[in-house]
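Here are some notes to read alongside the model. Each point takes up one topic.

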Amino acid sequence: MKIVIVDYDIGNVRSIYSAFKNQGIEPILSNDSEVILNADGIVLPGVGAYSHAMKNLKKYNLINILKNYAKTEKPILGICLGMQLLLEESEEFGITEGLGLIKGRVVKMPIANTFQTKLPNINWSALKPNFLKWDKTILNNISLNSEMYFIHSYVAKLDNENEVLSVTDFHNVTFCSALKKGNIYGCQFHPEKSSQIGLKIIKNFIKICR
Amino acid sequence: MKRKSRIIARLDIKNNHVIKGIHLEGLRKVGDPNELARKYYNEGADEIILMDAVAAYYDRNNLSEIVKQACSDIFIPITVGGGIRKIQDIQTALNSGADKVAINTQAVHNSNFIREASQIFGSQCIVGSIEAKKVSDNNWEVYIDNGREPTGINVKEWAIELENLGVGEIMITSIDNEGTKKGFDLELNKIISESISVPIISSGGAGNISHISDLIIASNIDAVAIASILHYNIEELSTIKKKLNEYQDIHVRL
């Protein structure tokens, strides 16, 4: 099985690589169109600024390749900023267009940032179900209230509530912490940094790719 | 509402050994960095901080191999600090698998470095590290070079400045309490945690579980970095977290 981690010079791909390896799969790091299109599943990583990430995807001519890959309905997993890139646009430092695979936009965490509500949201926080069932998804067999590692200041606001796979609380805000549209998955948290429970999510994704 | 806190294992490293001193001085070897990091990961640490204890002094950071190894078998966030002076040093740490870098000395020498680093890598991966020494009531001074050099800068003002420069988190180490196992400087932590609106990691002083619970309840800190209590096997990390969760006002991940 071929799982490709999209390599576009952004973020910490070594940890994602290690997490897959820990689950028995040696992933391929690549930005080559053929390698990506032939993959059984791809992971879109990302940390840092939205516009910088989109610029790099453009630099490696990956935007259309990722869109074409999505049309094949093979599994995609966007992690953190990688999940946000799946949406139509982000308001981080002005409007930046995203991949548009998921209807919706990325907005600043809707909360006044004070010493009692510190941003970025750097926390281990629980996932809660929304409308979608978790069976046969990346959250299959993940027990309720399992805590994942989050580090972000922006959140994905999806147009279709039924693409929200899980939600998570930050003070009085409830945001989308995982999404699913067909075989397109995204998680705002870092499964590769969420200890044993995160590795289970990686394992679930591998199963979906088989 | 319960106060949430991350419990972070801090490993200060010199020549491939985890070391521990008192007031950041008089360093003593306590174990192998990768073995200890793995142990604390297995016991439920929320993060690991790896600090090159002599890097700032000798102008280098050579934790890359330790970080690479740690990142292949530890699946929680890893922060690397000590001797980060150039943009390339950050890139090297991140390429080795670090999620965040902690910067102290170079931030004081050149505050623009923080602005540049957070623009390039994103605020979320830049931790402003402050070493604080009390000079008088409600007044702490910033030290650099791993607690060796005074700077004349006021800690509270510097914390606010670091936030403005773009750090995503601040780690504050009390030099007075560091390694003493006598508890945290509660006043310092309260004042700083109510002056800034980025998460704060508090370090320096944990000797027993109630020191940690006192800190979490008394201030608005977001994470606690502990060292001696773990390295000297005073309490296991899993026991610490379990007992903290028994407090009505505290929540940690189990």
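1. Leaving aside its neighbours within four places in sequence, which residues is Val224(B) in contact with? In this predicted model, Val224(B) is in contact with Ile7(B), Ile8(B), Ile212(B), Leu215(B) and Ile216(B), and also with Ser5(B), Ser202(B) and Ala206(B), once those neighbours are left out.

2. Val224(B) also belongs to the largest nonpolar core, which has 156 residues. Along with Ile48(B), Leu50(B) and Val101(B), Val224(B) is among those with the most contacts inside that core.

3. Next, a pair of helices in chain B. Helix α1(B) covers residues 33-42 and helix α3(B) covers residues 64-73. Their axes come within 10 Å and cross at roughly 30°. Angles under 35 degrees count as roughly parallel, and α1(B) and α3(B) are therefore roughly parallel to each other. The crossing of α1(B) past α3(B) is right-handed.

4. The residues of α1(B) that meet α3(B) are Pro33(B), Asn34(B), Ala37(B) and Arg38(B). On the side of α3(B), the residues are Ile66(B), Gln69(B), Ala70(B) and Asp73(B). By class, the residues of this contact are four nonpolar, two polar and two charged.

5. Last, the contact between the chains. 26 residues of chain A are in contact with 28 residues of chain B. On the side of chain A, the elements that give two or more residues are α1 (13-22), β8 (121-126), β10 (147-152) and α6 (195-209). Helix α1(A) gives the most, with four residues. The side of chain A that touches chain B has eleven nonpolar, ten polar and five charged residues.

Definitions and conventions
Residues numbered from 1 in each chain as written. Chains lettered and ligands numbered in written order. Predicted model: local features only at pLDDT ≥ 70, side-chain atom pairs only at ≥ 80, totals over all residues. Axes fitted to C-alpha atoms, helices over the stretch in contact; angles between N-to-C directions. Parallel < 35°, antiparallel > 145°, perpendicular 65-115°, else oblique. Left-handed = near helix turned anticlockwise from the far one by under 90°. Contact = placed C-beta atoms within 7 Å. Nonpolar A, V, L, I, M, F, W, Y, C, P; charged D, E, K, R; others polar. Core = buried A, V, L, I, M, F, W, Y, C linked by C-beta atoms within 7 Å. Buried ≥ 20, exposed ≤ 12 C-beta atoms within 10 Å, placed from the backbone.
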